Amino acid sequence: MTKIKKLIIKGLRGINDEISISLNSHSILLYGENGSGKSSITDAIEWFYYDKISHLSNEEIGKKGIEGLRNIFLDDSDDGYIKIEYTKSEFNSSKTISLSNSKLISNYSNNSPTFNSFLEKSQKEQIYLRYGDLVSFILATKTEKLNTLSAIIGFSEVIKTRDILRKTLNALRREIKNSNFTSQIGYQQSQLIEQLGQNIVSDKQYFDTINIILEPLKLKKRVNTLNEIDEILELLKKPEDIQLVEQQLFWNKVKATVAQLIDITKKIDEQYEEYYQKYQNIISDIDKLNKIKLEALLSEGERVLKEEIIKDEICPLCLQPKNRLDLLRELQERIEELKKYKEEKSTLNELKSQVQSNIIKAKSLINNLSSEFLINLDQNKELKLKIEQLNKDYSNYEFETNVDIITGKMIKPINDLSIDESKFQELKKISSENLEKLKTNKKGDSKFEIHSKILLSKNAYLEIKRLKNSKELLEKQQYTLEIIYAAFIKKMEDGFKSFLDHLSNDINELYVFMNPGEHIEDINLIPIKKNDEFAGITIQFKFFENEVNPPNKYLSESHLNCLGLAFFLASVKAFNKKNKFFILDDVISSFDSNHRVRFAHLLVEKFSDYQIILMTHEKNWFDYVAKMVKGKNWLINTFKWRDKHGPVIDINLPSLKEQIEKLILNNELDSLGNKIRKYLESLLKDIAFHLSVMVKFLFNDKNEDRMANELLSALKGHLKKHAGTSIDTSPIDRLIGSTFIGNKASHDSTFKATMGDFKAFWSDVLELRNSFYCENCKKYVSIKYYDSVNKKIRCYCGKIEHAWR
């Protein structure tokens, strides 16, 4: 996994002039007032990774928000860009946005397969979180939650595989049903009986029957294979009969096609009648129809709010002031109430699909017949007209099923569409008459009659074999797929449930850490099944020992935001495999002081191995976190706005220690004493904390105002008790006796110190510091590194150690 070494941004969002942030894989705390431009960093990084700025995505700016990316003060000839240097240099890249012919063009400088793979995988990771996105998952619908997680973990690909398997299985079932093998086989068997006088059930029976038919011709040749039947047909065929044979085959095809169309039309009528009744049931109920329309409108409104197309705290319809979170919650409740109407429309669409499928099949048969060259002959003009009329009849069904119920238009009942049975009977009559006419014309021609019987029976017999083989093959495929599908579903469900359990445990741990003792526990992501498949995810938890859901029904906005943070951070742990950093952009605005403190400790304690870019406009919280991360290798910076130049990052002031040493080096006495005292007090507090030095209790407003002499005395007594003479306390004695140490009044005493006095004072402070702070590991000597065997305390690396009892 990689962290960021350096960020350089110019000409993106609020950032006009180039800013450069050297992170060297460290976490950073950034403070900036609202409008100072700090969120431009988040926007730039989101664009770098995902090629979009989600909170800007709307109809006016554009689907990805890119039109709002380039800084408005940037010259047309200049590029906006972000450059990221990583701890893994092979990922280093810049991304530029240029204006060319009034069009925005973006490019990466790194186009290597390694970088492209890194970028592709990173797009499924959790890299940033804005305040506006805190509860997007929590308040999402059950289906949206499923889709969100599925996309992140790649489960959507598993679902696609499942859907392909299910689609294939259902297609097989429909094909077997719609093929109507039984009816088709029955028709061909009737043809066998017509030609041979008996039904045929085996090759031997068929060949024996053909040999009996051939006996009058005394060919002295018996048929034992299908190939030999073809040889016999070739032997019996006369050149002058070729056209007659073609006509015979054509009219048999017409007859067979009509038989299939009769079966398909019956199915179309049955399915259309069911579709029509369902359609009428909805359209005749004005309230139901309006609710279907309303559900579509509310779903669109939900999308508008979630995508922040309208950012103001107003209702997008009436434009009246309205809390966005409350409005979203109300919308989702209404959509849930209308869920059954949406499902009713989905059922209607499924019925429509079935009707249309059989219409397509019928028209395909007609088109196939229309492609026969004999149908275009003048003597077959009547047949062609009737076939074309049938095609129009099926188009009438098609037209009615294409009417969208949302329009409120009526559709025709089955009586207005149903194809008159007489049309099929007329076609059957025409085909039968033509076949009979061909037989009559060749009556007495035994060779032709035998040739016809063998040819037509062979076609029927082969068609039966083909239909049986197709049916058997499809049924075997169906059986195999059913086994595969059942095994796949079980494996998929077990794996997904296991993943949700793991993610739920992390969410619960993080949430409870931020909200201890608040009677909210056992948070679980619960998969919802419908028709034996996952249809969504709900969030369930124990609320005062009762299992409840959803969260927005029971939790306040602040607690919902905590849950959103817990989900994001748990997702970081679960999903991020390439990036060892994440960005939190002003996410604590709705938190009270207690939850802010808990969240700060959560980041430091649970995510110390991650690089965190933490941004806030809350000054008090910034000061608290800055103090908390002191000595933990965090960088601390401030964003300020400089008119059209955009944000600038204040250069960090030198540390207090560096300031003191610079004043001594330059022989500057002004403020030196107060700086050394301030440094000493801070040092003593850190030492006291790591050694668990007990100091007399004071109320909180006094606790941070401890004087150095009080802390020095407490530390000396603590060392005498636990270290005896193993630690030299002479620097402490000298500091206690120093003219610079006393009460607050001494800070303003009339004593005039020389530089020599300050140097001696500073030397004692540094000697004390060096006894308890290790420059090697940058850690204090602490009781948490206590060696119980050798009875010693030490720093993290062990370079400094002291006897301890």
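Author: Strand β18, residues 792–794, pairs with β19 in the antiparallel sense over three bridges. Strands here are DSSP runs of E with at least two residues, helices are runs of H or I with at least four, and both are numbered from the N terminus. Two strands pair if DSSP finds at least two bridges between them. Within this pairing, R794 stands opposite E801 in β19. The model is predicted, so local features need pLDDT of at least 70 and side-chain atom pairs count only at 80 or more, while totals for chains, interfaces and linings use all residues. Residues are numbered from 1 along each chain as its sequence is written, and side-chain values use heavy atoms, with hydrogens and water left out.

The two strands belong to an open sheet of three, ordered β17-β18-β19 with antiparallel pairing. Its edge strands are β17 (782–787) and β19 (801–803), each of which pairs on one side only. Neighbouring strands of the sheet are turned by 35° against each other on average, direction ignored; axes are lines fitted to C-alpha atoms, for helices over the stretch in contact, and angles run from 0 to 180 degrees between N-to-C directions.

As for helix detail, S558 is found in α16, residues 557–575. S558 counts as buried because its relative accessibility is 13% (buried is under 20%, exposed over 50%, partly exposed in between, with a 1.4 Å probe and protein chains only). Leaving aside residues up to four places away in sequence, S558 touches S590, F591 and H595, where contact means heavy atoms within 4.5 Å.
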